[in-house]
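Hi,

Here is the structure I promised to pass on. Have a look at it first, and my notes on what turned up follow below.

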Amino acid sequence: MRAEAKIDEPQLVEDPKQDKQVIFQLLSKFNLSAGDVAQIFATYLVKHPAVEEDLDRLRSALRCGATEEQARILADAGGLLTSEEVAELLGYRGRQTPNNKKRNGELLVVSFPNRRGDFFPRCQFEGSHVRAWIPELLKRIPNGWSALAFLTARYEDLDGQSWLGVLLADSARVGELLVAADAYVS
Amino acid sequence: MSVSAFVDDEGVPNTPCVLDSNCIVWGQLISQKWWHNAHEKASQPLAFSNAAGRFSDPGLPFKTLYFGSDSITCFRESGLGRNLNERFLSDRTITVDDLRGRIEYTVSLTPSGLRLLNADDSAARRSIGAHSIACFQANHVLSRQWAEALFSAGAHGILYSSARSDGACLALFESTASREALGRPVQVRCCYDNAPLLASLFRERVKLI
């Protein structure tokens, strides 16, 4: 019987010889945890260090689940607003103003390869204003997704909270956030 | 005092006294090739800084430049690497831009004439009265006190094990001798093009968006 007939796991995109599916099957059979597999991979790397030819596949592996990660980050950020919704929220005449403010680094924006336009995480707004620390954060971490991942990640040193959670509870801790953002790009 | 008191490391750091440079066991066989990881927006690839770190602080009378024995150690000790390390395992998501923005350099070091303390060498630690490797690996406040004491005794830097990777690190204190010992940095690649680094990030369940 061919290996792929037994497999319930997601199919590999590039596996012309089906040999990787056999590995999938074995891992599944022994019900190995992600930690187990990581350990096997670590050992494998000792004998087969990654080389330049592996770059594309390693990048692809690192991106596996990226959509789910983005969804988690956006949920933690309170969801997204469109340019029109931001214009209405902040009392601007049209969506051009949010776009200008994006270009000036005053608004945190994310985009998607399969969707047109910019999207504005809701967490940066407080009532009809932009939180004062947003432009300061973007001076340090200009990329919207990088800034958002940094803001929503939970940290051991913050007692398991994210910087966003910390600031929503106590806006006086902005200075600490900016020190951490400076360190992030150091 | 028993012999074991000299040999055992109880893991308890102590504070430094005034050091006598003539009695210090300085490091030998120093590597001549080092790696450095800098953000693309850094004003220059190799910049001595007083930004808060293990052996640097705005309150110290000298600036420090950090190196690693390999590219992965340098990444782990960079701002991005440190930030990842502090996050919950499930929240280690970074962007392609984050990796593209970090540039790797190699630099040659001519160590002859440099007085470097090898913190991993127990004889060197004994020569300065440091009771434990923890003096250089635990609390940053204490590590900085040791750095200042060593600087005052004429040290040009400290060799130590990375706390975040398997490699070694060099903290070089700013001085004429240190500057003269450093070669010109050679840009190697950005982190996004470093296959062993990507493999190590994948192994540790870092995700890329």
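**What I found**

In chain B, B:Thr64 stands opposite B:Phe173 in β7(B). Before I go on, some housekeeping: this is a predicted model, so local features need pLDDT of at least 70 and side-chain atom pairs count only at pLDDT 80 or more, while totals for chains, interfaces and linings use all residues. Residues are numbered from 1 along each chain as its sequence is written, and chains are lettered from A and ligands numbered from 1 in the order in which they are written. Helices (H or I, at least four residues) and strands (E, at least two) are DSSP runs, numbered from the N terminus.

Back to that strand pair. β2(B) and β7 (residues 168-173) of chain B run antiparallel and are joined over five bridges; strands pair if DSSP finds at least two bridges between them. Strand β2 (residues 64-68) of chain B is mostly covered, with five of its five residues buried. Buried is 20 or more other C-beta atoms within 10 Å of a residue's own, exposed is 12 or fewer, and partly exposed is in between, with C-beta atoms placed from the backbone. B:Thr64, B:Tyr66 and B:Gly68 point one way from β2(B), B:Leu65 and B:Phe67 the other way. In a regular strand the side chains alternate between the two faces of the sheet.

Chain A has an open sheet of three strands, antiparallel, in the order β1-β3-β2. Its edges are β1 (80-81) and β2 (110-112) of chain A, each with a single partner strand, so one side of each is left without a neighbour in the sheet. β1(A) and β3 (residues 115-121) of chain A pair over two bridges, and A:Leu80 has A:Pro121 in β3(A) as its bridge partner.

Now the helices of chain A. The axes of α7 (residues 133-140) and α10 (residues 174-184) of chain A come within 9 Å and cross at roughly 15°. Axes here are lines fitted to C-alpha atoms, for helices over the stretch in contact, and angles run from 0 to 180 degrees between N-to-C directions. That makes α7(A) roughly parallel to α10(A) (under 35 degrees; over 145 is roughly antiparallel, 65 to 115 roughly perpendicular and the rest oblique). Among the residues making the contact are A:Trp133 and A:Leu137 of α7(A) and A:Leu177 and A:Ala181 of α10(A); contact means C-beta atoms, placed from the backbone, within 7 Å.

A:Pro135 also lies in α7 of chain A. This proline is partly exposed, with 16 other C-beta atoms within 10 Å. Leaving aside neighbours within four places in sequence, A:Pro135 is in contact with A:Gly105 and A:Glu106. The C-alpha atoms of A:Pro135 and A:Glu106 are separated by 4.6 Å, although the two are 29 residues apart along the chain.

Another pair, α5 (residues 83-90) and α6 (residues 96-103) of chain A, has axes that come within 8 Å and cross at roughly 95°. That makes α5(A) roughly perpendicular to α6(A).

Last, the two chains together: their contact takes 29 residues from chain B and 34 residues from chain A. On the chain B side, α9(B) gives the largest share, seven residues. That side divides into 13 nonpolar, five polar and 11 charged residues (nonpolar is Ala, Val, Leu, Ile, Met, Phe, Trp, Tyr, Cys and Pro, charged is Asp, Glu, Lys and Arg, and polar is the others, Gly among them).

Cheers
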